Amino acid sequence: MTVVSQKASRSSPDSSLDIQRVREDFPILNTLVRGKPLVYLDNAATSQKPRHVIDRLSRFLLEENSNIHRGVYYLSERATAAYELAREKVRSFLNAPDPREIVFVRGTTEAINLVACSFGRGRLGPGDEIVISAMEHHSNIVPWQLLCESSGATLRVAPMDGTGTLLLDEYKKLLGAKTKLVALVHVSNSLGTVNPVKEMVALAKEWEVPVLLDGAQAAPHQPIDVQDLGCDFYALSGHKMFGPTGIGVLYGRLEMLGGMPPYQGGGEMIRSVTFERSTYAPPPAKFEAGTPDIAGAIGLGATVDYLEGIGWGSIQRHEQRLLSYALDQLSTVPEIRIIGSATSRASVVSFVMDGIHAHDLGTIVDQEGVAIRTGHHCTQPVMDFFGVPATARASFAFYNTLEEVDVLVNALKEARRVFGLC
Amino acid sequence: MLDVRDLYQQTILDHNRSPRNRREIDDADRVASGNNPLCGDKVTVYLKIKDDVITDVSFSGSGCAISQASASLMTTSVMGKSSAEAEQLFARFHAMVAGEHQGDCEGLGKLAVFSGVRQFPARVKCANLAWHTLRAALEAETKPISTE
């Protein structure tokens with residue numbers, strides 16, 4: 001591993017990010033879009049990958065590829081060691097107490113579905129309640145609706161206010177003896193709101209209710225400490241935090257995972273199989289049926305190394321600077337309305353423009369090389385709450401620059417000219 | 001060279017700003033609704049039909065400029081046409097915006113302003129939505145149609 005030497009060069013805890021050097025780590029950022037430099041502002045959908053991760057993936061495929069946990073030969077032992085090392089890296093990244101609490105899954109969606117199917121099975125019935133919030137991604141709504149349909153339990157939704165801030169008093173009122181599970185988004189993908197999840201977990205714990213946190217949008221922006229948060233489950237996606245697609249993580253407290261039935265059946269997750277009955281392996285293998293995304297997991301381990309090398313302090317300072325600059329510059333276009341204005345927020349800005357639908361904005365700014373997301377961002381209830389059919393969303397990563405904010409804002413002004421509005 | 005102004009031609013912008021036949025028909029013979037889940041475009045088409053001729057057509061809905069202008073121009077194009085003629089027009093329109101070959105715009109009249117859409121594959125659904133919904137109304141399908 002050459003990571004350590006790479007780490008020190010980007011920043012020290014007190015220094016600011018050397019943005020040009022960071023950008024050199026991401027080869028795709030040199031892309032020209034119809035002759036114009038790519039301005040990639042769709043990081044909340046998926047983030048770009050540093051060369052360090054790409055190289056680690058190719059090194060695995062070129063030199064180490066083989067199946068894990070079953071071969072007694074050299075390559076399989078190497079692959080198994082690399083895969084388990086990745087698990088350990090993720091454990092450390094989340095500050096989980098034990099590597100057995102790290103289950104590799106396809107992504108946040110699968111992690112949540114795993115809990116809904118496995119934890120939910122047989123534990124919920126009519127009269128029981130699951131509490132979520134008003135700003136959940138569809139992936140933290142629909143699995144619970146499915147569970148409610150099959151179990152007869154009821155879904156309760158903690159409301160938010162017009163700034164996109166959850167109403168803690170209302171949330172507190174929803175909790176009670178009927179509550180069997182709380183599932184909350186840590187950082188909203190469409191509003192950028194950073195929810196006070198530690199406090200919300202503590203409130204649920206007063207009723208001894210297990211809590212799942214959807215960390216898909218938090219992991220790319222801030223350090224995560226599952227012990228400090230006190231949650232029972234934490235879900236994240238590799239590809240949103242500069243790692244590969246197809247790999248994600250479910251952290252589950254060992255005690256919880258141990259008591260849960262398997263999610264899928266197959267190879268890897270068993271202890272013994274006969275036609276009469278099978279017994280299951282302990283976690284995490286119990287939840288990793290079939291050959292996993294071995295390369296993806298190892299790539300995610302490399303991602304964790306890379307992020308820790310950059311340092312969260314400098315990432316967060318730079319992103320907050322991008323966020324406040326973007327909010328300032330967008331406010332110079334009077335026809336733009338920002339959706340969501342929570343005090344604590346990640347570098348995600350949703351907005352609408354008078355007279356131009358978000359989808360048209362997306363097409364027009366693309367002509368200037370700017371990639372933004374337009375639509376409902378898989379949060380249709382959030383769109384309904386704010387009374388908009390769709391928003392445009394610029395989501396920034398630590399490799400974005402203030403100049404790119406300018407390109408976005410100029411492209412938005414160009415949209416007004418194309419539409420003959422100025 | 002791709003030019004966004006080929007997509008957003010004046011006629012399209014005009015129909016987006018001032019849509020024609022954007023109203024509900026209370027005593028419509030056929031009504032169908034369509035949506036494009038990707039961007040949230042919604043269109044409902046209302047038809048009055050007599051002896052297989054579209055005697056009145058209107059739409060309601062919301063969405064991007066392409067979807068709304070397309071709905072507006074669809075209504076002005078099929079007014080007074082038979083259902084077979086309307087189908088034929090859709091086939092030509094579809095060939096122009098999404099066909100394999102650069103279709104000609106003959107017989108499409110004002111609908112030719114949508115010829116730029118073919119350069120923007122992500123927007124073909126927006127242009128087609130009103131037409132798919134019209135077809136559903138003509139076929140008297142009652143369930144909402146979706147472009148996904």
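Q: What makes strand β7 (residues 179-185) and strand β8 (residues 211-214) of chain A paired strands?
A: In this predicted model, β7(A) and β8(A) share four bridges in the parallel sense. Pairing requires at least two bridges, so four bridges qualify β7(A) and β8(A) as a pair. Among the residues involved, V182(A) has V211(A) of β8(A) as its bridge partner.

Q: Why are β4 (102-105) and β6 (154-158) of chain A said to stand at the edges?
A: The open sheet has seven strands in the order β4-β10-β9-β8-β7-β5-β6 (chain A), with mixed pairing. β4(A) and β6(A) each have a single partner strand, so one side of each lacks a neighbour in the sheet. From one strand to the next, the twist averages 20°. Helix α4 (residues 74-94) of chain A lies across β4, β9 (233-237) and β10 (248-252) of chain A, at about 115° to β4(A).

Q: Why is α2(B) called roughly perpendicular to α3(B)?
A: The axes of helix α2 (residues 10-17) of chain B and α3(B) come within 8 Å and cross at roughly 85°. Angles of 65 to 115 degrees count as roughly perpendicular, so α2(B) is described in that way relative to α3(B).

Q: Which residues of α2(B) make the contact with α3(B)?
A: I12(B), L13(B), H15(B) and N16(B) of α2(B) do so, and on α3(B) the residues include I66(B) and L73(B).

Q: Where is confidence lowest in chain B?
A: Strand β4 (residues 145-146) of chain B is lowest, at a mean of 62, whereas helix α3 (residues 65-78) of chain B is highest, at 97.

How values were computed: Residues are numbered from 1 along each chain as its sequence is written. Chains are lettered from A and ligands numbered from 1 in the order in which they are written. This is a predicted model: local features need pLDDT of at least 70, side-chain atom pairs count only at pLDDT 80 or more; totals for chains, interfaces and linings use all residues. pLDDT is the predictor's confidence in each residue, from 0 to 100. Helices (H or I, at least four residues) and strands (E, at least two) are DSSP runs, numbered from the N terminus. Axes are lines fitted to C-alpha atoms, for helices over the stretch in contact, and angles run from 0 to 180 degrees between N-to-C directions. Angles under 35 degrees count as roughly parallel, over 145 as roughly antiparallel, 65 to 115 as roughly perpendicular and the rest as oblique. Two residues are in contact if their C-beta atoms, placed from the backbone, lie within 7 Å.
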